[in-house]
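Subject: Structure for you to look at

Hello,

Here is the structure I said I would pass on. My notes follow below it.

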Amino acid sequence: GNIAKDHLTRYTVWESSGSSGEPAVFVQDARAMHVYDALEALRRPVLRPLQRWLDPWGLTDRMAFVGATGGHFASTVSVERLRQLQPGLSHRLRGMSFLQPMEALRAELEAFQPTVLATYPSAAVMLAEEHRAGRLRVDLREIWTGGETLSPAQRTFVRESFACPVSQSYGASEFLSLAFECRLGALHLNSDWAILEPVDAQGRAVPDGQAGCTTLLTNLANHVQPLIRYDLGDRVTFLPTPCTCGSHLPVITVSGRDDDTLQLAGGRGRACVQVVPLAVSTVLEDAGLFDFQLVQQGPRELLLTTSMQGSRGQHVLDAAREKLQAFFGELGARD
Ligand SMILES: [Zn+2]
């Protein structure tokens, strides 16, 4: 109930699992939020230029965000904050949980009939498969993805399934709007507000054109909780040549999260239950397990490991396994 409510009357707060397995809380003041809002408003690509001209405020659009809606995550806080700032828009903007069974999510989407879908690439692919199979009747006009790496094959599949443009953006809990695509599909870093430094395993800068082992972020917008050369965990490459679109903002490519979607044996007449990676990590983190590896070994076999030691590690691992089992059961997976 407190999602997106101001903390101490003036701070916007969200949490993240953190790139290193250590959960983190991020605190922003109005100044930092204004910078994020401005970047979002001015630099997000216009996928339907004619539509923008006819309807500059997007008053005919209905936007659905599909993700982890039950916690203080940056994406969910952003959606709820927008609803609170613009009560008139709130009935056309809705967050939907990807932790619910597919039938329930399909029903919620069909009842709402969004024109714009914002979600993770893995969830967009799963919904595209439902749409192709004739099980999801929605008429999307734009799809925005972020939070994971969108591969060219995923983009083509989603775009062709829904017959609408797909854009990707790059952001993090540590800086919401790091990069947006231009009309040529290149990802431009908002280098006037965020410094990214790709570094090798020893923390040394790598030259343009090469991917580092990780990337250091310095956030120039948030002065309340300074993040200076913060290890993001993503592999970023700066392209050595400027983009022909005319933007002076540097072009980057990003290898971020790209875990596989689980394909579990279903029961009750279902062939297969798919579970997107961020749904799995949301459930495990909710059980207190932040440092884990989950490997699918068969349609009914999963191996969950952690580097946590001792009885505390065993206790957390047992609790996480139970939660995960219950979650898969709710989705319709069996045995
Ligand atoms: Zn460009």
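**Cysteines and buried residues**

Cys 243 has 14% relative accessibility and therefore counts as buried (buried means under 20% relative accessible area, exposed over 50%, partly exposed in between, with a 1.4 Å probe and protein chains only). Cys 182, at 13% relative accessibility, counts as buried. A disulfide is a covalent bond between the sulfur atoms of two cysteines. Taking a disulfide as a pair of cysteine sulfur atoms within 2.5 Å, the count is 0.

This is a predicted model, in which local features need pLDDT of at least 70 and side-chain atom pairs count only at pLDDT 80 or more, while totals for chains, interfaces and linings use all residues. Residues are numbered from 1 along each chain as its sequence is written, and side-chain values use heavy atoms, with hydrogens and water left out.

Glu 130 lies in helix H5 (residues 121-132); helices (H or I, at least four residues) and strands (E, at least two) are DSSP runs, numbered from the N terminus. Its relative accessibility is 7%, so Glu 130 counts as buried. Apart from neighbours within four places in sequence, Glu 130 is in contact with Met 102, Arg 106, Arg 135 and Leu 136, where contact means heavy atoms within 4.5 Å.

Leu 331 belongs to helix H8 and, at 7% relative accessibility, counts as buried. With neighbours within four places in sequence left aside, Leu 331 is in contact with Leu 99, Gln 100, Pro 101, Arg 270, Val 273 and Val 275. Leu 331 and Met 102 are 229 residues apart in sequence, and their C-alpha atoms are 7.3 Å apart in space.

**Helix packing**

H5 and helix H6 (residues 152-162) pack at about 40°, with axes 9 Å apart. Axes are lines fitted to C-alpha atoms, for helices over the stretch in contact, and angles run from 0 to 180 degrees between N-to-C directions. The H5 and H6 crossing is left-handed (near helix turned anticlockwise from the far one by less than a right angle; right-handed if clockwise). The contact residues of H5 with H6 divide into 8 nonpolar, 3 polar and 3 charged. Here Ala, Val, Leu, Ile, Met, Phe, Trp, Tyr, Cys and Pro count as nonpolar, Asp, Glu, Lys and Arg as charged, and the others, Gly among them, as polar.

Helix H7 (residues 277-286) packs on helix H8 (residues 310-331) at about 135°, with axes 9 Å apart. H7 and H8 are therefore oblique to each other (under 35 degrees is roughly parallel, over 145 roughly antiparallel, 65 to 115 roughly perpendicular, the rest oblique).

Regards
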